[in-house]
Amino acid sequence: MKGRIFQTVDSHADIFKETALYIGRNPELGHEEFKASERLTGLLENFGFEVERGTLGITTAFIARYRSAKPGPVIAFLAEFDALPELGHACGHHLICSMSVAAAVGLKSVIDETGGEIRVYGTPAEETKGAKVPMSAAGLFDDVDAALMAHPYHTYEHSGQSLAMDAVQFEYFGKPAHAAANPAEGINALDGVLQLFNSINALRQQLESHVRIHGIITEGGVAANIIPEYAAAQFYIRSANRPYTDQTVIKVRKCAEGAALQTGCRLVISNYEFSYDELATNEILSSVYTDNLTALGISGESIGTGKDHGSVDLGNVSRRCPAIHPYLKVIEEKHLLHTAEFRDLAMTDRALAGMLFGAKVLAATAWDVLAIPGLKERIREEFNRTVNAAAAGRNG
């Protein structure tokens with residue numbers, strides 16, 4: 001059956017590669033991926049999937065389904081397709097979405113033998129307000145038995161860790177005045193922001209080493225001779241797990257409140273993007289993926305340990321169903337994500353071949369979940385243990 005899956009992917013390789021190149025050449029920011037969403041949904045319909053567009057009122061989100069006549073596991077492939085400001089597809093999302101579609105088409109060629117359902121979730125804006133967050137909160141993954149995706153990279157890595165993350169904005173409101181003629185009449189909002197940065201820098205020494213806090217000043221005044229009446233900063237606050245991230249956010253908020261008291265400013269705190277939970281890799285599902293990777297010729301020694309690559313909204317999905325997020329080698333040179341070098345190499349023949357290879361590994365992994373007796377149940381048992389342990393940690 002896996003041979004049939006691979007043959008199906010190969011027989012349609014040109015259209016999958018063309019899709020990846022089209023999306024790569026037409027980069028669109030999060031929630032503006034109109035061309036990508038249209039291309040992907042049209043392609044899936046042509047392959048016999050039923051497509052729901054505008055899921056949850058998110059214009060570029062979609063869920064495509066193929067239901068076998070027989071009951072069975074629900075397999076989800078995740079498609080990301082947003083680009084980065086100025087850099088374009090320097091995170092390889094044009095490969096991710098095309099890979100997931102190719103995997104779904106390959107699996108469709110055999111799923112009627114076992115029964116089950118295939119879904120492709122089109123999930124916009126992973127880089128910012130990731131659609132997987134509201135989709136997860138709405139329960140759209142709750143009946144999924146395996147959620148699969150692979151991220152392009154310069155090497156192979158097991159599905160591993162990610163950081164829980166909050167995106168927090170701090171706005172300081174002061175009072176303008178002439179900075180030379182009557183500075184005593186003003187309240188300097190920029191001073192509030194600067195004090196916030198200083199307080200956070202002092203806070204770092206009392207935090208665990210896995211914490212990451214990084215921010216920018218988005219507004220700092222309009223002229224050097226006017227006391228700034230408004231200033232703002234945006235921060236990402238991350239750690240290895242949601243409970244510690246929540247604790248850290250409380251401490252950072254206190255820093256912000258102290259800066260407001262020091263400067264006499266009024267403070268407004270808000271979240272400017274969605275909060276991401278840490279990824280809970282399903283280790284049994286991950287091992288099945290790795291077995292398929294090695295069966296297709298990748299030596300175990302060349303597969304690295306899953307590292308912290310920042311934060312992903314798949315973390316929220318992994319709290320609702322078993323999920324994996326391995327890294328897949330698509331380029332030979334060692335260039336990091338979110339760089340122009342990776343962007344350019346992710347459009348080459350080597351990267352497209354890696355994308356098709358990844359589709360085969362994902363589809364083969366899904367086939368094992370469908371066909372191996374008891375595997376779906378063992379994956380679900382691990383998921384239940386992980387979720388219960390995480391819930392206990394949050395409540396304790």
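**Loops, a buried helix and enclosed space**

The side chain of Ser68 has a polar atom 3.2 Å from the backbone nitrogen of Lys70. A polar contact here is a pair of N or O atoms within 3.5 Å; within protein, one must be able to donate a hydrogen and the other to accept it, and residues adjacent in sequence count only if both atoms are side-chain atoms. The model is predicted: local features need pLDDT of at least 70 and side-chain atom pairs count only at pLDDT 80 or more, while totals for chains, interfaces and linings use all residues. Residues are numbered from 1 along each chain as its sequence is written, and side-chain values use heavy atoms, with hydrogens and water left out.

Ser68 belongs to the loop that connects strand 2 (62-67) with strand 3 (74-79); helices (H or I, at least four residues) and strands (E, at least two) are DSSP runs numbered from the N terminus. With a relative accessible area of 11%, Ser68 is buried, where buried means under 20% relative accessible area, exposed over 50% and partly exposed in between (1.4 Å probe, protein chains only). Not counting residues up to four places away in sequence, Ser68 touches Ile111, Asp112, Gly115 and Gly116, contact meaning heavy atoms within 4.5 Å.

Helix 4 (residues 93-108) is largely enclosed by the rest of the structure, because 15 of its 16 residues are buried.

Two other loops hold backbone exceptions. Most residues other than glycine have a negative phi. His31, in the loop between helix 2 (13-25) and helix 3 (34-46), has a positive phi near 65°; its relative accessibility of 31% makes it partly exposed. Leu56, in the loop between strand 1 (50-53) and strand 2, has a positive phi of about 60° and is partly exposed at 47%.

On a 1 Å grid over the protein atoms alone, a cavity is a set of points where a 1.4 Å probe fits but cannot get out, and a pocket is an open set with protein on both sides within 12 Å along at least five of seven lines; lining residues have an atom within 4 Å of a point. Grid points are joined across faces, edges and corners, and a volume is the space filled by probe spheres set on the points.

The largest pocket holds about 390 Å³. Among its 18 lining residues, Glu127, His309, Gly310, Ser311 and His338 lie nearest its centre. Strand 6 (151-153) and strand 10 (230-239) are the elements that give two or more residues to this lining. By class, the lining has nine nonpolar, five polar and four charged residues; Ala, Val, Leu, Ile, Met, Phe, Trp, Tyr, Cys and Pro count as nonpolar, Asp, Glu, Lys and Arg as charged, and the others, Gly among them, as polar.

There are two cavities of 30 Å³ or more. The largest cavity, of about 60 Å³, has His309 and Gly310 in its lining, together with residues including Lys307 and Tyr327. The second largest cavity holds about 40 Å³, and helix 13 (residues 375-395) gives the most to its lining, with three residues.
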